[in-house]
Amino acid sequence: MTDKSRIFKARFTIADLRQQRNHREVFTTSLTKNETLDHFILKLLGYSFLSYDSSAQLNTDKNLPDVSIKAFDEHYTKWLSVDEPDLKRLLKVAKLVDEFIILTKAQSQWLDQARPQLSRLPNNHLIEIDGQFIEQIKQHLTRNLDWDITIDHHSVSISDQANYYHTKQFNWH
């Protein structure tokens with residue numbers, strides 16, 4: 001049984017200027033047993049980045065991507081992993097998917113070590129977001145995530161009923 005303090009009701013209004021789409025997503029999600037808040041927040045952000053496609057899915061199984069989009073033939077067209085994923089596994093998976101995306105905190109030790117290997121993959125995209133942005137969201141996280149999210153080419157911002165958060169660093173390579 002899931003601990004009720006780990007369940008979140010999400011109501012996202014997303015203005016995605018990269019995809020030129022505005023839409024609303026309403027869903028219930030949960031923080032899995034061994035999941036960190038950083039991973040959870042990055043996964044929600046990753047979902048908001050891909051949710052312009054109605055087949056985007058949040059996943060909780062460790063053997064699946066954090067967020068995915070599948071084609072009709074069930075292969076992954078987009079595989080998004082967040083935080084500090086297992087690099088060996090990612091290098092294998094990258095060969096099987098159309099587009100491979102990693103969303104992680106900028107200037108992390110994991111990123112410094114992984115960058116040379118990731119740069120060799122032709123179908124990968126790296127999204128770097130500043131850790132301070134994640135920390136601010138984490139400090140004010142409630143079980144009701146009523147977020148207005150704006151995704152631009154150079155920034156992401158989130159406002160809720162009480163606060164406004166804006167990235168200082170956002171790079172989508």
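1. Helix 1 and helix 4 are roughly perpendicular to each other. The model is a predicted one, and in it helix 1 covers residues 37-50 while helix 4 covers residues 131-139. The two helices pack at an angle of about 105 degrees, and their axes are 10 Å apart. Angles from 65 to 115 degrees count as roughly perpendicular, which is why the word applies here.

2. The residues that make this contact can be listed from both sides. Helix 1 contributes L37, D38, I41, L42 and L45. Helix 4 contributes F133, I134, E135, I137 and K138. Sorted by class, the contact of helix 1 with helix 4 has 7 nonpolar residues, 3 charged residues and no polar ones.

3. Next, the aromatic rings. A search of the whole structure gives 8 aromatic pairs. One of them joins F27 and Y47, with ring centres 5.2 Å apart and planes at 70 degrees, so this pair is edge-to-face. F27 sits in strand 2 (residues 21-30) and Y47 in helix 1; the two are 20 residues apart, and the pair links distant parts of the chain. F27 is buried, at a relative accessible area of 14%, and Y47 is also buried, at 9%. F27 and Y47 belong to one aromatic cluster together with F12 and W147.

4. A second aromatic pair consists of F49 and W172. The ring centres are 5.5 Å apart, with 45 degrees between the planes, and the pair is classed as tilted. F49 lies in helix 1 and W172 in strand 11 (residues 170-172), so the pair ties together parts that are 123 residues apart in sequence.

5. Two loop residues are buried. L121 is in the loop between helix 3 (109-118) and strand 7 (124-129), and its relative accessible area is 16%. Burial here means under 20%, so L121 qualifies. Leaving aside neighbours within four places in sequence, L121 is in contact with L91 and A94. L121 and A94 are 27 residues apart along the chain, and their C-alpha atoms are separated by 7.4 Å.

6. The other residue is A56, in the loop between helix 1 and strand 3 (57-58). A56 counts as buried at 9% relative accessibility. Which residues does A56 contact, leaving aside its neighbours within four places in sequence? They are Y47, L50, S51, S68 and I69. Y47 is thus a contact of A56 as well as the ring partner of F27.

7. Most residues other than glycine have a negative phi. Q20 has a positive phi, near 55 degrees, and is not a glycine. Q20 lies in the loop between strand 1 (7-16) and strand 2 and counts as exposed at 74% relative accessibility. E74 also has a positive phi, of about 75 degrees, although it is not a glycine. E74 is found in the loop between strand 4 (67-70) and strand 5 (76-82), and at 51% relative accessibility E74 counts as exposed.

Key. Residues numbered from 1 in each chain as written. Predicted model: local features only at pLDDT ≥ 70, side-chain atom pairs only at ≥ 80, totals over all residues. Heavy atoms only, no water. Axes fitted to C-alpha atoms, helices over the stretch in contact; angles between N-to-C directions. Helix = DSSP H or I, 4+ residues; strand = E, 2+ residues; numbered from the N terminus. Parallel < 35°, antiparallel > 145°, perpendicular 65-115°, else oblique. Contact = heavy atoms within 4.5 Å. Nonpolar A, V, L, I, M, F, W, Y, C, P; charged D, E, K, R; others polar. Phe/Tyr/Trp six-rings, centres within 6.5 Å; stacked < 30°, edge-to-face > 60°. Buried < 20%, exposed > 50% of the residue type's maximum accessible area, 1.4 Å probe, protein only.
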